[in-house]
Structures are given as structure tokens and as C-alpha cells.
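Got a minute to look at one strand and its neighbours? Let's take it a question at a time.

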Amino acid sequence: MRPLPPGVVPEVPGPGQESVWDYPRPPRVEPSSEHVVVVLGGLVVLETRRALRVLETSHPPTYYLPLADAAEGAFRPAAGSSWCEFKGMAGYLDVVGGPGPDGAARVAPSAAWTYPDPTAGYEALAGHVALYPDRMDHVTVDGETVRGQDGGFYGGWVTQRVVGPFKGVPGSRFW
């Protein structure tokens, strides 16, 4: 466990829980057979049992989902990119769901990202997509509704499985 920022007191995990303060830095990628379902506009845009979890100190896990398990047309390129010091250059994607009240497809702009050519150690992320769960209608992991990580930029998925405190809350910028 790396040294804690001043004033941060990790929650004590209960049975079956993980503390994000026990996660490594640099992040670790691990496979997950949990049942993940993503719904937008009433359409299941992705359902899988072949997710990857990226675990990084102070962050709830970010789930990377195989694009091969997505509904046809559920993801399309969007403007923008960002750089991760560990994973490399990310490209953004719009998520396209079922029809809204006007009959047009519901679109969550730039709500997902992918690493088409991830750096060494993160090659497993190629062909996968991560997304902001709070921008979808509904996201579940093994039937539990997911809450997105606070802060607007981070892509962690908060479930009962993980305890914090989590980076993204006010005052955590330099954790």
C-alpha cells in the first residue's frame, strides 16, 4: 500500500469487499467473469461476462468491456483524446442506444473511451471499451446497479464490493 495522503482514512473492508487503497499504482488489469449489462435508451448496448477490471490506488475499478460483445452500432468515434501515463492514448466514443421520446436514437456523447494501441503491460485493453456508468440509463454488475466515480473525469464503477474513500470527491485532486 502506498503512503496515504494527509487526512485520508481508508474505510475498513467488510467480508467480500476490497479497499481501493490496497490497489496498486501503476494500475493492474485483471479479468472478471461478472455479468455486466449496459443499457441506454432502453437498449442493451453491451452485455458480457468477459470484462477486464483496471485497479488503481484510490480509484474504484474501471471496467473495460469487449467491443465484440456490444450491440451493432452501439459505439461510434467521437472527437477528442486523452493521455494516460500508464495506458497511453485514449480515443473517445459516443454511445448510441435505443430511441428516445422523439423516436431518434439516444446518444451519450463521448461517454466511452478505448485504447486502440495501449502501452506495454496494458495490451489486454485493446478491443475493449470503458464508459461512464452515470451517462447510461442503467449499468449493472452481477445484478447490482453501478454508481459512477465522482469528479466527472474518472471512470470508476462504485459497487458494494469496494470501499474508499475514492478519488474524485472534493479535495482529492492531488491524491
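Q: How many bridges join β3 to β11?

A: Quick background: this is a predicted model, where local features need pLDDT of at least 70, side-chain atom pairs count only at pLDDT 80 or more, and totals for chains, interfaces and linings use all residues. Residues are numbered from 1 along each chain as its sequence is written, and side-chain values use heavy atoms, with hydrogens and water left out. Strands here are DSSP runs (E, at least two residues), numbered from the N terminus, and two of them pair if DSSP finds at least two bridges between them. β3 and β11 (residues 138-141) run antiparallel, and the number of bridges joining them is four.

Q: Which residue in β11 is the bridge partner of Val 36?

A: Two partners in β11 can be named here. Val 39 has His 138 as its bridge partner. For Val 36, the partner is Val 141.

Q: Which strands are the edges of the open sheet?

A: The sheet has four strands in the order β4-β3-β11-β12, with antiparallel pairing. Each edge strand pairs on one side only, and these are β4 and β12 (144-145).

Q: Is β3 largely enclosed or exposed?

A: Buried means under 20% relative accessible area (exposed is over 50%, partly exposed in between; 1.4 Å probe, protein chains only). Val 36, Val 38 and Leu 40 are buried on one side, and Val 37 and Val 39 on the other. Five of the five residues of β3 (residues 36-40) are buried, so the strand is largely enclosed.
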